[in-house]
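Please open the model in your viewer and keep the selection tool at hand.

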Amino acid sequence: MNELTDAEKATILGHEFGHALLEHVKVPTGAILEGEFENGSAELLANVLKWSVCCEVSCDMFGYIAAGGDVRASQTALLKYTTGLDAKTFEMLGADKLITQMLTQYDSLASAVVQSIISTHPLTPLRIKILEVLPSTGILDNFGKELTSEKVDEIRKQMSDHLDPLIRNIYPELFE
């Protein structure tokens, strides 16, 4: 955490607070995906994986909001936190270059026929891509406002319409 800027720290803390607020820790996703439960059917595993991906994506949005809508801080926080690169190495490699590499990797993964790795966290290139497109979706325009249930349903649909294709490109098995 000492290697992060204030906006990057806000991103990470917002992400983790999102998990607490949304009570994601109540579902033992890692244990389920690792087969620690005897009744873990293929359908259960697929549903838990999709739920887990959605948890991480929604908490990335909390991080984005906590960073004041700073996409770059959200992306660099994710990269620094997942790679463990210190600030000096990160600066030497170049944040823009690393982000561009992640976006290129997303495109490569989306066009490749690969079986994605089952993990509680989606692949970093997917998360970087979602953060890149998030501001243009308008999904978070009503954040902090009191909304009708109809408006919440409309926003959920809008979110699915924007994000599902990005997730489907990497995890097609979640949509079968």
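The stops below cover a surface patch and then a helix.

This is a predicted model, in which local features need pLDDT of at least 70 and side-chain atom pairs count only at pLDDT 80 or more, while totals for chains, interfaces and linings use all residues. Residues are numbered from 1 along each chain as its sequence is written, and side-chain values use heavy atoms, with hydrogens and water left out.

**The surface patch**

Select M1, L13, F17, L21, L22 and Y81, which form a nonpolar patch on the surface with about 650 Å² of accessible area together. Such patches join nonpolar side chains (Val, Leu, Ile, Met, Phe, Trp, Tyr) within 5 Å, from residues with over 30% relative accessible area and no salt bridge (a side-chain nitrogen of Lys or Arg within 4 Å of a carboxyl oxygen of Asp or Glu). Areas follow the Shrake-Rupley method with a 1.4 Å probe, and for residues only the protein chains shown count as cover.

Next, colour helix 1 (residues 6–21), which gives the most to the patch, with three residues. Helices are DSSP runs (H or I, at least four residues), numbered from the N terminus. Then centre on L22, in the loop between helix 1 and helix 2 (29–33).

**Helix 7**

Move to helix 7 (residues 124–137). Of its 14 residues, 11 are buried, that is, under 20% relative accessible area; among them are I128, L131 and L134. The buried residues pack against helix 1, helix 3 (42–66), helix 4 (71–83), helix 6 (95–111) and helix 8 (149–170), where contact means heavy atoms within 4.5 Å.

Conventions: Patch = residues over 30% accessible without salt bridge, like charges linked within 9 Å, V, L, I, M, F, W, Y side chains within 5 Å. Helix = DSSP H or I, 4+ residues; strand = E, 2+ residues; numbered from the N terminus. Expected span 1.5 Å × (residues − 1). Buried < 20%, exposed > 50% of the residue type's maximum accessible area, 1.4 Å probe, protein only.
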